[in-house]
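Colleague: Hi! Could you walk me through this model?

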Amino acid sequence: MADINPIQLQKDLAGVDYPANRDDLVSAAERNGADSGTLDVLRGLPDRTYDGPSGVSKEAAQK
């Protein structure tokens, strides 16, 4: 998968109330107009609860 820009990722996830699960993250990114690459990365994250933006960024960077 393509590298994801962590700053843009956080913009795409604006408004997320943490803790949040993968579906919450994908829904927020869709609402915020994230590009298809970002959405693909988020959909590929493990289905678990994320405590904050840093955990999401860390997991996304491994994709």
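Modeller: Happy to. With 63 residues, a compact globule would have a radius of gyration near 11 Å, and the protein has 10 Å, which agrees. That radius is taken over C-alpha atoms, and the globule rule is 2.2 Å times the number of residues to the power 0.38. This is a predicted model, so local features need pLDDT of at least 70 and side-chain atom pairs count only at pLDDT 80 or more, while totals for chains, interfaces and linings use all residues. Residues are numbered from 1 along each chain as its sequence is written, and side-chain values use heavy atoms, with hydrogens and water left out.

Colleague: What does the C-alpha trace span along its principal axes?

Modeller: About 25 × 20 × 20 Å.

Colleague: And how many helices and strands are there?

Modeller: Four helices and two strands, in the order α-β-α-α-β-α along the sequence. Both are DSSP runs numbered from the N terminus: helices are H or I with at least four residues, strands are E with at least two.

Colleague: What share of the residues is buried?

Modeller: Buried residues are 37% of the 63. Buried means under 20% relative accessible area, exposed over 50%, and partly exposed in between (1.4 Å probe, protein chains only).

Colleague: Which residues of α3 are buried?

Modeller: In α3, residues 36–43, they are T38, L39, V41 and L42. Down the helix axis they fall within an arc of 160°, so they line one face of α3. The arc is that of the directions from the helix axis to the C-beta atoms. Their cover includes α1 (6–12), α2 (22–31) and α4.

Colleague: Now α4, which residues are buried there?

Modeller: V56, S57, E59 and A60. Those fall within an arc of 165° seen down the axis of α4, so they line one face too. S54, K58 and A61, on the other side of α4, are exposed. Among what covers the buried residues of α4 are α1, α2, α3 and β2 (49–50).

Colleague: Why does S57 count as buried?

Modeller: Because its relative accessibility is 19%. S57 sits in α4, residues 53–61, and touches P6, L9 and Q10, leaving aside residues up to four places away in sequence. Contact here means heavy atoms within 4.5 Å.

Colleague: Switching topic, how far apart are the mean positions of the positive and negative charges?

Modeller: They are 3 Å apart, for 7 positive and 11 negative charges. Lys and Arg count as positive, Asp and Glu as negative, without His or the chain ends; each charge is placed at NZ of Lys, CZ of Arg, CG of Asp or CD of Glu.
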